[in-house]
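I opened my notebook to record what I looked up, one entry at a time, with the sequence and the structure side by side.

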Amino acid sequence: MYNYLLRRLGFLAVTLFFVTLITFAVTNVLPGDVALLILGPNATEESIQALQSQLGLNRPLYVQYADWVVGVLQGSMGTSLRFEEPVATLIAEKLPRSLMLATASTVVAVALAIPLGVIAAVRQNELPDVGASLFGFVGISIPIFLWGLVFILVFAVWMDLFPTGGYVAPSEDPVATLKHLVLPATSMGFALTAYIMRMTRSSMLEVLSEEYVKLARAKGMTRRVVVLKHALRNAVIPVITVVAFQFSYAFGGVVVLEEVFFWPGIGRLTLTAIQSRDIPLLQGCIIVVALIYMASNLAADVLYAYFDPRIRYGGDD
């Protein structure tokens, strides 16, 4: 396991290198002059050149890239052109809010999807299976932002149970934080539920047909014990991959959802960086999102061994 983790971390380092290379290349071929966008259309040529020199934009691209990578490795991602603050400070402020939203969304999805998937597999081709499949089809078909609008209309406007949007820090009022979190987390969770539920159902059907499950039933074990103690533990292993992917998807999908619910996370920060062509801020946001994707995939691989000790990575046996 130790050797496997070392290899995985090395692979992640190589992947991160290519992510930084692609990010730098893409953000530097965007149309428009950064200095001109900052100073405005009435800026003189002298002032534009002075600002380009100040920002280092007149240096060769490979020098800019090397300086940027060294800065990232040292924990410095430059200064935001829009906010005139360190990029790392801005991301550190917004990142926990997006992680909170993505985590809550994944928890909602797992809490709904795994029971639905198990019930659909146990009651295959019966009414519960049809109902769960229909729910999954609806979840996949409706975009995340539309789920958000529906939840705002029903639970915020018509029923007046939750606020329509915004954010309150947990340190200020934990109850208000939960109230503001419920609608965006549930909206995202409903969109994620379908994928996890379908994988759970498929995996459970495969496991329930195994010989050891039939043997357990022949020994007189109740259906509940067979399903929950024997089948579900093995069926959940491929589901872990889907859950990790859906968490990454949720973190990337908060860009749209945060705009719908006015949630001040890294998604809205990325959108602001794109709109204002704030290259340092945009680069920093992309790197952080890529790191979250890679970290969630690594966590899924590590969890495999926890749920099934027979799995060995990089071992001789």
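**A helix crossing**

I began with helices α7 and α10, whose crossing is right-handed; I keep in mind that the model is predicted. I then looked up the geometry and noted that the axes of α7 (residues 144-158) and α10 (residues 223-260) come within 9 Å and cross at roughly 45°, and the two helices are therefore oblique to each other.

Next I listed the residues that make this contact, which are I144, F145, G148, L149 and I152 on α7, together with Y249, V256, L257 and V260 on α10.

**Aromatic pairs**

I searched the whole structure for aromatic pairs and noted 10. One of them joins F17 and F18 edge-to-face, with 5.3 Å from centre to centre and 70° between the planes. F17 counts as partly exposed because its relative accessibility is 42%, and F18 is likewise partly exposed, at 46%.

I then turned to W147 and F190, an edge-to-face pair with 5.2 Å between the centres and 65° between the planes. This pair links distant parts of the chain, since W147 lies in helix α7 and F190 in helix α8 (residues 174-208), 43 residues apart. W147 has a relative accessible area of 10%, so I recorded this residue as buried. I also noted that ring pairs join F135, W147, F151, F155 and F190 into a cluster.

**A serine in α5**

My last entry is S105, which I found in helix α5 (residues 87-122). Its relative accessible area is 1%, so S105 is buried. Leaving aside neighbours within four places in sequence, S105 is in contact with P184, A185, M188, G189 and L192.

Note on methods:
Residues are numbered from 1 along each chain as its sequence is written. This is a predicted model: local features need pLDDT of at least 70, side-chain atom pairs count only at pLDDT 80 or more; totals for chains, interfaces and linings use all residues. Side-chain values use heavy atoms; hydrogens and water are left out. Axes are lines fitted to C-alpha atoms, for helices over the stretch in contact, and angles run from 0 to 180 degrees between N-to-C directions. Helices (H or I, at least four residues) and strands (E, at least two) are DSSP runs, numbered from the N terminus. Angles under 35 degrees count as roughly parallel, over 145 as roughly antiparallel, 65 to 115 as roughly perpendicular and the rest as oblique. A crossing is left-handed if the near helix is turned anticlockwise from the far one by less than a right angle, and right-handed if clockwise. Contact means heavy atoms within 4.5 Å. Buried means under 20% relative accessible area, exposed over 50%, partly exposed in between (1.4 Å probe, protein chains only). Rings of Phe, Tyr and Trp (its six-membered ring) pair if their centres lie within 6.5 Å; planes under 30 degrees apart count as stacked, over 60 as edge-to-face and the rest as tilted.
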